[in-house]
Structures are given as C-alpha cells and as structure tokens.
Amino acid sequence: MGGIKLVFSKQKLWYVLLIGVLVSSTWANLSVTTQEELVFGDEGYYASTSQGFAENLDVRYRTVFGETDLVGKEYHTREPMTFLMLGSFYMLFGEMGMKILIPMVSVVSALFLFLLVKKMHSVEAGVLSALLYLAVPAIVTHTVFVYVEHIALMFLIGSFYFLYSYIKDEDFLHLIFTGVLFGFSILTAQNVIIVPIIFAVVLLLYKVSWEGWFKEFGTLVLITLIMMAPWMAHNYRVGNGLGFDTHRVLEPLGLDLREPSQDYTEQLPGIETGGFPEDPRDVGGIHAQGYISFIEFAYTIPIFVLAMLGFSFYLVKKNKKYAIPLLWALVMFAVIYSLLWHRSFDMVSRNLLYITAPLAMAAWFASEKIYRYLNSFESTGKMLGIFFVLVLVGWSLFTVAAKAESLRPQKQFSEPFFEACDWVSENTQEDSVMHYVYRWRTLYHCQRHSIRNDFHGMEDAIVSADQNTYETYKAIGVDYVMLHSRLVDWNPGVQSYSFDFVQYIMFDPLYEQVYSYPDGCNIMDMQQDCVAVFEILDEEDVDEEAPDEQTITIDPEDLEGEEGDEEAQIELG
C-alpha cells in the first residue's frame with residue numbers, strides 16, 4: 001500500500017508542476033500582451049478584420065483601390081478561423097479579448113502536447129514536453145504577437161493526439177476528431193496542407209490491411225474536405241479559385257487555380273525608378289546569417305541539442321510510436337525550409353513554428369534519459385535527478401519570462417501616432433484612404449483603409465517625388481498622407497520616407513496640412529516624435545498662383561544615422 005501511495009503522490013506532484021508551469025508562462029505572456037498595443041506586423045490586419053466580424057457578423061469583404069476612389073469591394077477569401085476566434089473573443093471581452101486569445105491558445109497547445117506524450121509514455125514525460133514547448137523562443141514570440149500559425153499549431157497538435165489515441169484505442173470517434181481538428185487547422189493556415197502525408201505514413205505503419213488503411217486515411221481526407229468545402233465553394237463562386245495562397249502553397253507545386261486579380265498599374269503614371277533596395281534581412285537568408293544564430297533565435301541551443309539527442313534515441317529505439325514526432329519534424333521542415341531558406345530569421349521561424357511540438361517531444365526524450373541516468377546512482381541519484389528537473393524548470397520559466405519581456409518594446413509605438421489616429425477617425429470620412437508606412441496599424445487604430453510604401457506603384461511614386469506622385473495618389477484613391485518624423489530617412493524604403501518625399505508633401509500646394517501632434521511640430525526634426533496629416537487636394541481647388549520659394553535649414557545631427565558638421569541648405573520651389 002505504501003508503494004502505491006508513493007507512486008500516486010509522485011504523479012500528483014507532476015500534475016502540480018504542470019499547473020505551475022502553465023500559470024507561470026501564461027502570466028509572463030499576458031503581462032506583455034494585455035499591457036501593450038496591437039501594433040506589430042500583421043496584428044492590425046487580424047484585429048481590424050476580426051473587429052469587423054464582431055461588429056457586423058461579416059468577414060466577406062476587403063477593400064479594392066483604383067481609379068479616382070474606392071471602386072468597390074472584393075470577397076474576403078483568407079482562411080476564416082483566426083478571424084472567427086478573434087472576433088468571438090472581441091464580442092465577449094472587447095479588445096482585451098483579442099489580446100488574451102493567443103496566450104490561451106498557447107495553454108491549450110501545451111495541454112494537447114502533454115496528453116499526447118502522456119499517452120505515448122508517462123505523466124512525467126508529458127509535463128516535461130509541455131514545459132520545453134512553452135520555453136521555445138519561437139512559441140513565446142508567437143504567443144506575444146498575434147499570428148495565425150500558433151492557432152493552426154494548436155489544432156494540429158490536437159489532431160496528432162487524437163490520431164495516436166485512435167491507433168492505441170481503435171476508437172473510430174478519435175479518427176473523426178483527428179479529421180475535424182485538422183480541418184480547423186487548415187482553415188487557419190494553408191501551409192499545413194502537407195500534414196496528410198504524415199497521417200498517411202503513420203497509419204500505414206500500423207495498418208492491419210490495405211483495406212483498413214484506405215478506410216482510415218479516406219475517412220480523414222473526407223472529413224477534412226467536408227470542413228473545407230463551404231470555404232472553397234465560396235471562394236470558387238466569387239472567382240478567386242479555391243482560395244489557396246498560390247505563393248505559399250500552390251506555386252511551388254506548379255499550380256495556380258486563381259483568376260488574375262485586378263491590376264491598376266496601367267492607370268498609374270509611367271515611372272520606372274527601380275523601386276526600393278532589397279530588405280537586408282532577406283539577403284542570403286539564414287544561410288548567410290548563420291544557422292547557429294537562427295537556432296538560438298528560434299529554439300535556443302539547449303533545447304535544440306536536447307531535441308537532436310532525442311531524435312537520435314528515436315532512431316535507435318525503432319519504435320513505431322516515435323514515427324509521429326520524427327515524420328512531423330522531418331516532413332514539415334524539409335518542405336517549408338526548401339521554400340523559405342532565403343528569407344529572414346523571423347519569417348522562417350514563424351513558418352517553422354509547426355516543428356516546435358516534435359522538437360519539444362524529442363527534447364523531453366533526451367531529458368528523460370538524463371533524468372533516469374542520474375537516478376541510477378545509488379547514494380545521490382534521486383537528489384541529482386530532482387536537481388536536474390528543478391534546473392530545467394527554472395531555466396525554462398526564466399527563458400519564457402525573459403523572451404516575453406524582450407518583445408515588449410515591439411508592442412509599443414509612438415504616442416503621436418495614436419493621437420493622430422484619434423483625430424483621423426473623428427474628422428475624416430469613413431471611406432477615406434490613408435498613406436502611412438505601417439498599413440495595418442493605420443487600418444486598426446485609425447479605423448481607415450490604408451496603403452503602404454510598396455502598394456500598387458507607390459514605390460516609384462515615393463522614390464521619384466513630383467507631380468507623378470500626386471497622379472499616383474489620385475489613381476489609387478488616396479485621400480490623406482500621414483508623415484512621421486521617426487520614419488524619415490535620407491533614402492526611401494519600405495518602412496521609411498525619404499527626405500525628398502517629405503519636403504515634396506510639405507511644400508507642394510496640392511497637399512494641405514490639416515493636423516499635427518504635438519501641435520506645430522516639425523516633421524523634419526527626427527529628434528522630435530512628430531506626426532502630421534496632409535489632405536490631398538483636387539487640382540481645381542488649388543490656387544494657380546505658384547508659392548514663394550522657401551528655404552529650410554536642417555542640422556544633419558537631427559537625422560538618425562547621419563553625421564556631419566555643416567548645415568544643409570535645401571531650396572524648395
């Protein structure tokens with residue numbers, strides 16, 4: 001009886017540890033997401049579209065630009081699950097709901113992983129896998145930021161859990177749940193479309209007969225297609241193929257089912273400037289920037305080394321149950337890396353988020369081997385084993401907290417921007433279109449449609465700032481330009497305005513400054529955080545009399561990254 005009681009108490013301690021890990025990691029993430037704004041990357045896009053669903057119960061449309069104004073709306077064909085989930089949380093809790101959703105997704109993902117590894121091995125193994133999963137920097141990053149991949153991964157881990165449950169228990173209901181959760185996953189992010197390959201091979205390893213394998217795999221495919229059918233039928237009906245993103249999914253396979261999208265370039269002035277320079281983060285990809293640096297950035301060296309040891313043990317063991325994490329990691333890494341090897345760290349890490357779960361499973365396997373080896377010593381073994389677990393837990397929770405806190409600055413943005421957005425939302429027409437470097441931030445916080453620097457011919461219009469710029473604005477349908485002193489640089493770029501472009505907007509009579517914050521601030525002074533809004537006027541409303549020649553004096557020290565002792569005199573006509 002004493003031995004049974006000891007085992008029960010030990011298992012209960014592992015459950016207590018699991019709860020502690022989930023609470024600690026969630027608190028670390030929520031302390032950032034709930035206190036900061038939805039401004040990073042595509043967060044504004046997801047937030048705005050989801051807000052539209054919550055308020056209008058409709059995510060069908062997206063804005064189309066063209067000619068002299070908005071010419072209408074196109075059907076929204078993106079995968080719907082992210083917007084439905086964020087929108088539902090927005091309906092329940094307002095903006096705070098969207099901020100807490102992804103941390104909750106992280107908890108559910110860790111619980112699914114715990115259940116999968118517990119079923120494969122033991123409670124201890126499940127707890128350590130969940131712990132290491134939550135400590136992966138890529139997971140922390142995509143818990144703090146709002147992106148679709150983590151939501152898709154949650155459904156994917158759940159589908160693998162039910163797949164293994166079906167293999168072990170032969171309960172057909174588990175096979176149905178596998179297909180349902182995978183259907184949700186592919187309705188969240190398209191790049192999981194390669195996962196059925198893994199399902200097929202795993203089921204093949206456990207097949208009793210070919211007839212049984214066809215029945216099982218056919219059931220998964222059928223359920224997935226049934227779940228996807230309304231979305232694909234809608235997209236096909238509105239003339240956008242089946243809705244798959246050809247760049248990320250179909251083009252590499254040599255397929256393109258979409259009809260050509262509307263192209264307004266023929267309406268734009270014929271300017272050819274070569275556009276912006278290539279983003280230096282993408283030059284050479286992770287090969288040029290270093291694999292070790294990428295591993296530390298996305299996974300940390302300790303977790304990656306433990307994972308490689310774990311995969312090695314998998315191969316030595318030759319147990320069929322380890323085929324799931326092995327195939328999961330190998331297939332998804334091979335396909336995604338082959339398509340994105342030339343991209344930046346953050347882009348590759350984001351799309352490889354799907355392999356973090358099998359990496360955590362393999363890292364647990366290696367950790368468990370170390371734990372058992374330390375326990376094998378007669379005199380001090382148990383103490384060493386406990387010390388190893390405590391160190392692993394402490395390091396993991398510290399990694400989560402430190403990584404989450406390091407992302408806080410990227411969730412913060414300029415106060416003048418938010419003040420300007422308040423003015424824009426209250427003083428401009430609802431169908432107004434803004435030009436600002438960060439399109440999605442404007443879309444959500446200003447509640448106005450927006451274009452960015454690399455949108456529909458804007459590259460050439462910004463590089464060559466003159467009358468052609470005005471014609472481009474009018475052709476696209478832009479009504480206001482928002483300039484920001486922190487985004488001014490000597491040269492134009494995807495995320496910056498050139499000095500020439502700013503001076504053109506400021507002093508050409510076709511543009512009228514209607515707002516600035518702080519009041520009367522100088523956009524040219526980069527040491528001051530200043531945002532100004534300019535309305536694009538109609539030519540017939542502008543006085544034909546040419547403006548007087550103006551001169552502006554700028555100290556190069558006021559421009560970030562530039563050095564010099566002499567003042568620059570710029571003649572403005």
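Buried means under 20% relative accessible area, exposed over 50%, and partly exposed in between, with a 1.4 Å probe and protein chains only. This is a predicted model, in which local features need pLDDT of at least 70 and side-chain atom pairs count only at pLDDT 80 or more, while totals for chains, interfaces and linings use all residues. Residues are numbered from 1 along each chain as its sequence is written, and side-chain values use heavy atoms, with hydrogens and water left out. Of the 573 residues in the protein, 53% are buried.

**Overall make-up**

- The protein has 23 helices and 11 strands; helices (H or I, at least four residues) and strands (E, at least two) are DSSP runs, numbered from the N terminus.
- Contact means heavy atoms within 4.5 Å. Among contacts between residues at least 6 apart in sequence, 71% join residues at least 24 apart.

- Two strands pair if DSSP finds at least two bridges between them. Strand β3 (residues 433–435) pairs with β5 in the parallel sense over 2 bridges, and M434 stands opposite Y480 in β5.
- Strand β9 (residues 531–536) pairs with β5 in the antiparallel sense over 5 bridges. Here L483 stands opposite A532 in β9.

**Helix α9**

- Helix α9 spans residues 195–205, and its buried residues are V195, I198, F199, A200, V202 and L203.
- The cover over these buried residues of α9 includes α7 (148–169), α8 (172–186), α10 (210–237) and α15 (323–340).

**Aromatic rings**

- Rings of Phe, Tyr and Trp (its six-membered ring) pair if their centres lie within 6.5 Å; planes under 30 degrees apart count as stacked, over 60 as edge-to-face and the rest as tilted.
- A search of the whole structure finds 39 aromatic pairs. One of them is the stacked pair of Y314 and Y322, at 4.6 Å centre to centre with 20° between the planes.
- Y314 counts as buried because its relative accessibility is 2%; Y322 counts as buried because its relative accessibility is 6%.
- The pair of Y470 and Y511 is edge-to-face, because the ring centres are 6.2 Å apart and the planes stand at 85°.
- Y470 lies in helix α22 (residues 467–476) and Y511 in strand β8 (residues 511–517), so this pair ties together parts that are 41 residues apart in sequence.
- Both Y470 and Y511 are buried.
- One aromatic cluster is formed by F311, F313, Y314, Y322, W364 and F365.

**Charges over rings**

- A charge sits over a ring if NZ of Lys or CZ of Arg is within 6 Å of the ring centre and within 35 degrees of the ring normal.
- The charged end of K320 sits over the ring of Y206, 4.9 Å from the ring centre.
- For R441, the charged end sits over the ring of Y438, 3.9 Å from the ring centre.

**Disulfides**

- A disulfide is a pair of cysteine sulfur atoms within 2.5 Å. The search of the whole structure finds 2 disulfides.
- With bonded cysteines counted along the chain, the disulfides follow the pattern 1-2, 3-4.
- C421 and C446 form a disulfide with their sulfur atoms 1.9 Å apart. The link of C421 and C446 is left-handed, with -60° about the S-S bond.
- This pair links distant parts of the chain, with C421 in helix α19 (residues 415–427) and C446 in helix α20 (residues 439–446), 25 residues apart. Both C421 and C446 are buried.
- C521 and C530 form a disulfide, and their sulfur atoms are 1.9 Å apart. The disulfide of C521 and C530 is right-handed because the torsion about its S-S bond is about 60°.
- C521 counts as buried at 12% relative accessibility, and C530 is buried with a relative accessible area of 0%.
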